[in-house]
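Here's a quick look at how two protein chains meet in a model. Have the sequence and the 3D view open as you read.

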Amino acid sequence: MSDVYVLGIDMIKFGRFPEKTVPQLGATAALMALDDAGLKIQQMEAVCCGNLGQAGGMVGQRVLQEIGQTGVPVVNCANACATGATAFREAWMSIKAGVYDLVLAVGVEQMGRGLLGGAGGGSGIPKEGLLGSGTMPAVFAEAGMEHSRKYGTSFEQFAKVSVKNHHHSTMNSKAMYQIETPLETVMNAEMIAYPNTKLMCSVNVDGAAAAVLASESKARELGLGRAVKVKASVLTSDPWQERDLVMPDVNSCTRLAAKAAYEMAGLGADDVDLVELHDCFATAEILHYENLGLCGDGEAGKLIDEGQTALGGRVPVNVSGGLLSKGHPLGATGIANIYEVSTHLRGEAGERQVENARIGMTHVIGLGSACAIHLLEKVN
Amino acid sequence: MSEAAAAAKPLPVVPFLKIPEAGDPYLEGQKCGVCGAIFLGERSTCSSCGARDKLEAFRLANQGTLHVYSIVHRSFPGIDVPYVSAIVDLEGGGTVKGNLINIEPDPEKIQMGMPVEVVYQDALGRKDREGNSYLSYFFQPRG
Ligand SMILES: [Zn+2]
């Protein structure tokens, strides 16, 4: 099977664009990715599009209606917060299968404001605040508290994740925010669901990102110049766990995916130079340090305390600012974090460049659940 | 509210809360006869091992321990805050999510692992469109 390369990749600056449509946002990112690859839409043999908010709305075709209706196959994907990564992976699979040589993957989302989560629909009466909480901040708070229970992880340690990621985003002009948030500011921000304060919750923003993927033969023909090699692409769902009916489990599917990704790439966690992981809430990042094997079980608190996951540390995590500060446009997030890692592997990340980055990892989780992990490698 | 609804006994807040004609309300689990996995609510196939038609209903315990919690300070419009969202492991198996009541919503006062019990009360006055009242379950600290 052919290796797969990213020839072009880009994202729009995340923000709020109520005057734009979803296809317009997706089209902007698609053109940026094509320009980055030096290719035209007419050269794309297929399009995979990820969007959640208009999952029934043929967003991929409407993107082509903005930039070129070439008649190629278009697949629309929805997979919660793993939507963009799933679209990328669909493109990867079609090339792996030898069906196409050049495929465009687009992820796009326009978000409302406010809380995400189930208000408890269905018949009868609302269940929120009656049978506990289904809001996302509370669900991830409870997941974090499981870590606290096992290892004594503190509110302050969770808050440090947010301090770090907000700091990183001050060096990323494509992030929603470029604001320093000192520890006291994070801890004293409005409490949403203990231990997650408002500054420990990801930002709802509009965004889009896109990538051009190519087979090895096509990549060599076009020139490997700034190409990035996809070393592993893995998607998992949540295996059965005793509490998962009432407590969505973000750990098992991540561990399963990480193990498979390292095996596919023939790499270990020690080989990874930077990680963009799913920090939808500050509590989640702590869990994923261990789930991804960046440290041993129970060592995540120490990892954040020692600054090992900050830029300049042993394994920088979410140098883009992460979902916490770059923003989290659900369908775009998965490709945006592949963009971030690719930018470092290409040595083009400017002020926030992770020195000598050769291998990078991206991770997203869609509750319900879907976990996607990609391992990427510098080519030249 | 219709006369009929006013006179009727409350409805269960979830299908796995059982209100017998005689005796106390209780929570009902389903246990897989092959692998022992426990579920809430009716089902015919076990999602742990895939066994079909091997699930049997059983009465969940009213005693358990607090696994984890979150104190919710911001929720959807019209929902009173703060409240404690709790995940409770019941004795004999089964994990249930609900509100932990009769405790201060303060991390200093809530201990993970603390003994709790299931209590059955009106669903915070919430009624459906037909005016029906509901019986809900809650957790409270156990002595
Ligand atoms: Zn079973």
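## How much gets covered

Buried area is the accessible area, taken with a 1.4 Å probe, that two parts lose on being put together, summed over both. Keep in mind that this is a predicted model. Here, chain B and chain A bury about 3,300 Å² between them, and 63% of that comes from carbon and sulfur atoms. On the chain B side, the residues losing the most area to chain A are R74(B), F76(B) and K97(B), which together make up 22% of what that side buries.

In residue terms, 43 residues from chain B and 35 residues from chain A take part in the contact.

## Polar links and salt bridges

There are 18 residue pairs in polar contact across the interface of chain B and chain A. The interface also has two salt bridges. One of them joins D89(B) to R243(A), with the closest N and O atoms 2.7 Å apart.

## What chain B brings

Which strands of chain B each supply at least two residues of the side that touches chain A? They are strand 4 (38–40), strand 6 (63–72), strand 7 (83–90), strand 8 (95–100), strand 9 (115–127) and strand 10 (133–141). Strand 6 of chain B gives the largest share, seven residues. Sorted by class, that side of chain B has 24 nonpolar, 12 polar and seven charged residues.

## Strand to strand

Strand 6 of chain B also pairs with strand 5 (residues 191–194) of chain A, in the antiparallel sense and over two bridges. Look for Y194(A), which stands opposite I71(B) in strand 6 of chain B.

Note on methods. Residues are numbered from 1 along each chain as its sequence is written. Chains are lettered from A and ligands numbered from 1 in the order in which they are written. This is a predicted model: local features need pLDDT of at least 70, side-chain atom pairs count only at pLDDT 80 or more; totals for chains, interfaces and linings use all residues. Side-chain values use heavy atoms; hydrogens and water are left out. Contact means heavy atoms within 4.5 Å. A salt bridge is a side-chain nitrogen of Lys or Arg within 4 Å of a carboxyl oxygen of Asp or Glu. A polar contact is a pair of N or O atoms within 3.5 Å; within protein, one must be able to donate a hydrogen and the other to accept it, and residues adjacent in sequence count only if both atoms are side-chain atoms. Helices (H or I, at least four residues) and strands (E, at least two) are DSSP runs, numbered from the N terminus. Ala, Val, Leu, Ile, Met, Phe, Trp, Tyr, Cys and Pro count as nonpolar, Asp, Glu, Lys and Arg as charged, and the others, Gly among them, as polar. Two strands pair if DSSP finds at least two bridges between them.
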